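Here's a quick briefing to go with the sequence and coordinates below.

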Amino acid sequence: MTLPDFEHAPNQGGDPALYEIENRALDPRGLVLDAMRELAPWAGRTLLDLGCGSGFWLPGYAREAAEVIGVEPDPALVPPARARDRRARVLAGSAEHIPLPDASVDVVHARFAYFFPPGCEPGMAEVLRVLRPGGTLIMVDNDQRAGQFAELLGRLPWAQAQAGGSRTDAWWAERGAERTEVMSEWRFDSRPDFEAVLRLEFPAEVADPWLAAHPDALGLSYGYLLFTVRR
């Protein structure tokens, strides 16, 4: 499938093995998953992981959901996602091009798939198309106001253009989204892993001074925002 609007992700797409380490380190107490499950339970339902990457979250979803579908635009990540768990079906596609019928899923999860609203209207329309009546979209985003990760984000030009996240908040509010804050953390097993992941996510001029100022850190505080839209 050719996706003309696909943009290569510099983190997972650039270094899938290192991004796997990042996924294992984030939210170690499962606070984000707990909040997602409370907002839209998926036990016994059909769940779509939109932008599933290499499929890290698919096995956990498959333990509860009746059916799990992953959709991923990066052709390099589709094969490892398909190999992750036989209980999940993985399709090539994107937020703007979901290869599923109308009203075919109950819950859609999207982690960091709408970084730069406005401009996400086509993806939102597709999500609403595939959701059944009464279905729910949960979008997981970065909280740009709370936590040490937010402090680092604040040094990036694209985040500054978001005015501390207020433009993103406004975009979702216009669509009737419920906004939920979850304060969690990154926690790594080793300092080299932490340093490598931080440098994957941030340029050296942002990551290196922070690491130098926190020489013993094995992680940082990380605020999440969940935007929930009900069909």
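Does Cys52 count as buried or exposed? Cys52 counts as buried, since its relative accessibility is 6%. Keep in mind while reading that this is a predicted model.

**Cysteines**

- There are zero disulfides in the structure.
- For background, a disulfide is a covalent bond that joins the sulfur atoms of two cysteines.
- From the sulfur of Cys52, the closest cysteine sulfur is the one in Cys120, and at 19 Å that's too far for a bond; the cut-off for a disulfide is 2.5 Å.

**Helix packing: H1 and H9**

- Two packed helices are described by the angle between their axes plus the distance between those axes.
- Here, H1 (residues 16-25) packs with H9 (residues 191-201) at an angle of about 110°, and their axes are 10 Å apart.
- That angle makes H1 and H9 roughly perpendicular to each other, because the range for that label runs from 65 to 115 degrees.
- As for handedness, H1 and H9 cross in a left-handed way.
- On the H1 side, the contact is made by Leu18, Tyr19, Ile21 and Glu22, while H9 brings in Asp193, Ala196, Val197, Leu200 and Glu201.
- Sorted by class, the contact of H1 with H9 has six nonpolar residues, three charged ones and no polar ones.

- Asp27 isn't a glycine, yet its phi is positive, at about 50°.
- You'll find Asp27 in the loop between H1 and helix H2 (31-39).
- How accessible is Asp27? Its relative accessibility is 8%, so Asp27 counts as buried.
- Ala103 is another residue other than glycine with a positive phi, in this case near 50°.
- Ala103 sits in the loop between strand S3 (88-92) and strand S4 (105-111).
- With 34% relative accessibility, Ala103 counts as partly exposed, a label that covers values between the 20% and 50% cut-offs.

Definitions and conventions: Residues numbered from 1 in each chain as written. Predicted model: local features only at pLDDT ≥ 70, side-chain atom pairs only at ≥ 80, totals over all residues. Heavy atoms only, no water. Axes fitted to C-alpha atoms, helices over the stretch in contact; angles between N-to-C directions. Helix = DSSP H or I, 4+ residues; strand = E, 2+ residues; numbered from the N terminus. Parallel < 35°, antiparallel > 145°, perpendicular 65-115°, else oblique. Left-handed = near helix turned anticlockwise from the far one by under 90°. Contact = heavy atoms within 4.5 Å. Nonpolar A, V, L, I, M, F, W, Y, C, P; charged D, E, K, R; others polar. Buried < 20%, exposed > 50% of the residue type's maximum accessible area, 1.4 Å probe, protein only.
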